[in-house]
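Open the model in your viewer and follow the stops below. Each one says what to select next and what is there.

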Amino acid sequence: MKISNMFVLSNQNSIVDQYLSELRDVNIQQDRARFRKNLERIGELLAYELSKSLTYKSKVVETPIESTEVKVLGEQPLLICVLRASMPFFQGFLNIFNEADSGFVGVYRQEDGADLDIEFLYQATPDITGRELILIDPMLATGKSIVKTVNNLEKMGKPKSIHIVGVIAAPEGLAYISNEIKTQHKIWVAEVDRALNEKSYIVPGLGDAGDLAFGPKL
Ligand SMILES: O=P(O)(O)OC[C@H]1O[C@H](OP(=O)(O)OP(=O)(O)O)[C@H](O)[C@@H]1O
Ligand SMILES: O=c1cc[nH]c(=O)[nH]1
Ligand SMILES: [Mg+2]
């Protein structure tokens, strides 16, 4: 599929392919700490790629030897963690954008027969108006959780731009996000998989990221 405003990290060979293979492997997945660590590491590497698209300004610093002009981030992004599966992936972003503000939303998918309902239960964020917003969720499956998040956040104000970051995306979710989100946005993922299955899980995917990171929920 061709979405012009999208960056796919696995289009280039890198160590991310190794981390992704471990995330998908049903045996290695038994090690929850390793699962979370790999999400965090991919978060760090995607954050580095995304950092190349941000604006920088110059300032003068004093080294012990002399004054010199350096480049620093023009403005801090606002990171949004989509609980719960996002937490380790979000930590990777926070390791890189360590001065950024953070917001948290509680969103979860609820199966209702053939339909998927998205419950939006919790929001603790600063004002998003005029901000460079980075929405962080490892799995972009139907795209409904991210679209619901954007719709709820935009009740507060308009961000300057939106970056949507994920580890694995499904083509159906990417198409849904592109159609539904009207604010200028760019999607950053490690990999785009084949499709969704009848339960709206990504195929081949990695299973349920939240459960693998933290254990099953009711
Ligand atoms: O694109 P979608 O079809 O909306 O699916 C993606 C959502 O599913 C997962 O969360 P889940 O609802 O399993 O909750 P959890 O993070 O608490 O496990 C994942 O972290 C996304 O938020
Ligand atoms: O494949 C999927 C879809 C949604 N959430 C997950 O954790 N995995
Ligand atoms: Mg969720």
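**Stop 1: around ligand 1**

Select strand E5 (101-112), strand E8 (139-140), helix H4 (144-153) and helix H6 (209-214): each gives at least two residues to the shell around ligand 1. Helices (H or I, at least four residues) and strands (E, at least two) are DSSP runs, numbered from the N terminus. E5 supplies the largest share, three residues.

This is a predicted model; local features need pLDDT of at least 70, side-chain atom pairs count only at pLDDT 80 or more, and totals for chains, interfaces and linings use all residues. Residues are numbered from 1 along each chain as its sequence is written, while chains are lettered from A and ligands numbered from 1 in the order in which they are written.

Now pick Ala85, Ala141, Thr142, Ser145 and Gly210, which come nearest among the 21 residues around ligand 1. A residue counts as near if its C-beta atom, placed from the backbone, lies within 6 Å of the molecule.

**Stop 2: ligand 2**

Move to ligand 2. Around it, select Ala85, Met139, Ala141, Tyr201, Ile202, Gly205, Asp208, Ala209 and Gly210.

**Stop 3: helix H4**

Show Ser145, Ile146, Thr149, Val150 and Leu153; these H4 residues are buried (20 or more other C-beta atoms within 10 Å of their own, C-beta atoms placed from the backbone). They lie on the same side of H4, because they cover an arc of only 135 degrees around the axis, taken from the directions from the helix axis to the C-beta atoms.

**Stop 4: the whole protein**

Zoom out. The protein has six helices and 12 strands. Its C-alpha atoms fill a box of roughly 65 × 40 × 35 Å along the principal axes. Buried residues make up 33% of the 218 residues.

How values were computed: Buried ≥ 20, exposed ≤ 12 C-beta atoms within 10 Å, placed from the backbone.
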